[in-house]
Amino acid sequence: MKLKTFINAAFIMATLLTTNNAEAQQMTGFEEMKKYIMAEGGRIDRDDLKNRASEMKRQMENRKVQLKAVSMDTILVMESYWTDGRVIIRSFTDDDPSPTFCIAPYRSDIGTRYEFPLSKGYEKTHPMQLVNKQRKTLQLMTAGDEKFLVVRDAQGRAEQVFTAIDHQQAHYTVTNFQLRDLHDAYDGHYRNSKGDDVFFGPKQFYNVKSYNEDPGLFGGIPDGTDGYTDLIYYGAGRVSNGDPSSPNHGKMPGGGGAGAIMGPMSWALRPALNGIDVKIVHDQKFVDHSPRIKNQEILQFVESPYSDEVPGQWAFVSVRPIGRGMLFRYPKAMLRLIRNEIYARHGHRFTSSPDVQRFFDAKSWYKPSNNPTPLTAIEQLNVQIIKAEEAVRSGEPNDLQSLSPTGRLLSVEFNFQGMRQSFYREFNLSRNEKGRPCLSCKRMNEDVTWVVDESVMQVADSIIQANDLFNLESSYALVLPEGERLLDGMFWSFAARSEKLNVSSHGRNAWPDDKGSEGLHAIEKLLMETAQQYDKQP
């Protein structure tokens, strides 16, 4: 069979919209998707949530099935369509000059082309797998009612999975497989900085009283240079909540609509260490949206849509086979966590990776066991796929601290002087020339330094993040009535530096309010206890 021409689009990648407009084709995927969402209304279709509910139930029914290799007859004699989650490919048999089964993206620079030679009379041999010159193998497999192709390397390890898609899906602007991958990546229960609940996915999967009726309708995958990987709609709102006394009353286009329902916000998303990094890219300011979020903030993960049955932030890797294409949105260090979360769900311990162990120890659902349960066939396949993706990210950092929104923490300084005297003071936690954390301080009047465990730096980073210490003001002081003074006041100073931010702050007779004060006391306690611990060591 000769390679056929596909309608209008030589290729479709989920980062780009299919379009016949030459001007639009010059835009980045992110710019084009923004224009599409704001001008056309995108794909706001509540049937998507119904379809998603059915998909989730089907995934749960299939997740423990055995994977089966089936005859490749059907795909050797006809053109078929597949996806790895980002790229649409097609498989076909090329008879010129000799029979070859090809799996190829529509553009050679955005995906790998695989070729597998066929023996004469292949139509009658019912092959269960194909092997090429590089000793890679190809199998057509099933997991319940889902069909997919698996490419394995010479050692038999899965390196790519392609899921079958309908012929018509390849023509859609936002295809069903994209919507599934977006839901898989983000569905769950989250909270914003004000403590309001935020949900993605069908309502029936959450045991909650409050639920926004427009819960994350996905618009597609932009390819933004600012690092955000996905776009959605969220939170249909009302003009002034119907209150005529509101200054927003009557500001709807056309002048009316005191209580009219308006369109949702458009959010740009990217995965974060413990949730989702969200940025508003379009909003109608006169509309009261719910939930209201900052222009940019981290939504904190609360629970999986699969609840206790499949807990964890990345539950999707335990319910269906994934292709490497959908993993583009995750940095390498996060892929490491996604892979290990599979093992954590089964009760595995991570004795050789203390940072991973600490990460999962902090999760309420994690129950370490001396006899962990075995991985399912789908999970074993996905572990290999994630490892294959990690292997090609050699230039990316792999430590969990690189996932912090401020980057790696480089140094922390804290000093306190006042009525109480301390055996240790003037702390400085920083990295030496080899990158190892060192804690220096004054022990009485003697300068001392210890090389400390990396966990000290990680705990300090978590305290700084949780208490927003990078946003401290430069100085705090107690304002006294004229002529009054403190006989013996106190003075503190704090400084921190990360790869992306730094702060320097001090106070005299006064602490920052609320979380800032709690955070500074927690930093002092951490450094004090670390000094006491290492001072006792021989």
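Analyst: Take the contacts in the chain between residues at least 6 apart in sequence: 61% of them join residues at least 24 apart. The model is predicted, and its chain has 538 residues, of which 50% count as buried. Its secondary structure comes to ten helices and 26 strands.

Now the sheet. Seven strands make up an open sheet, and reading across it gives the order β23-β22-β21-β20-β25-β26-β24. The pairing in this sheet is mixed. At the two edges stand β23 (446-451) and β24 (475-477). Each edge strand has a single partner strand, so one side of each is left without a neighbour in the sheet. Neighbouring strands of the sheet are turned by 10° against each other on average, with direction ignored.

Helix α9 (residues 454-466) touches β20 (409-417), β21 (424-431), β22 (437-443) and β25 (491-498). The direction of α9 makes about 75° with that of β20. Helix α10 (residues 514-535) also packs on the sheet, and its contacts are with β20, β21, β22, β23 and β25. For α10, the angle is about 90°, taken against the direction of β21.

Most residues other than glycine have a negative phi. E426 has a positive value, near 55°, and is not a glycine. This residue is found in strand β21. Its relative accessible area is 31%, so E426 is partly exposed. M444, also not a glycine, has a positive phi of about 60°. M444 is found in the loop between β22 and β23. With a relative accessibility of 46%, M444 counts as partly exposed too.

For comparison, consider a strand elsewhere in the chain, β7 (residues 137-143). Seven of its seven residues are buried. T137, Q139, M141 and A143 point one way from β7, while L138, L140 and T142 point the other way. Strand β1 (residues 68-70) runs antiparallel to β7 with three bridges, and V70 has L140 as its bridge partner. Strand β6 (residues 130-131) is also antiparallel to β7, with two bridges; here L130 is paired with L138. Strand β8 (residues 146-152) is joined to β7 by seven bridges, again antiparallel, and T137 has R152 as its partner in β8.

Two of these pairs are hairpins. Between β6 and β7 there are five residues, and R135 takes a positive phi near 65°. Between β7 and β8 there are two residues, and G144 in the turn has a positive phi of about 65°.

Strand β13 (residues 230-234) is another covered strand. Five of its five residues are buried, so β13 is largely enclosed by the rest of the structure. On one side lie D230, I232 and Y234, and on the other L231 and Y233. Strand β16 (residues 265-272) runs antiparallel to β13 and is joined to it by five bridges. In this pair, Y233 stands opposite S266 of β16.

To return to the sheet: its edges are β23 and β24, and helices that pack on it include α9 and α10.

Terms used
Residues numbered from 1 in each chain as written. Predicted model: local features only at pLDDT ≥ 70, side-chain atom pairs only at ≥ 80, totals over all residues. Heavy atoms only, no water. Pairing = 2+ DSSP bridges. Helix = DSSP H or I, 4+ residues; strand = E, 2+ residues; numbered from the N terminus. Axes fitted to C-alpha atoms, helices over the stretch in contact; angles between N-to-C directions. Contact = heavy atoms within 4.5 Å. Buried < 20%, exposed > 50% of the residue type's maximum accessible area, 1.4 Å probe, protein only.
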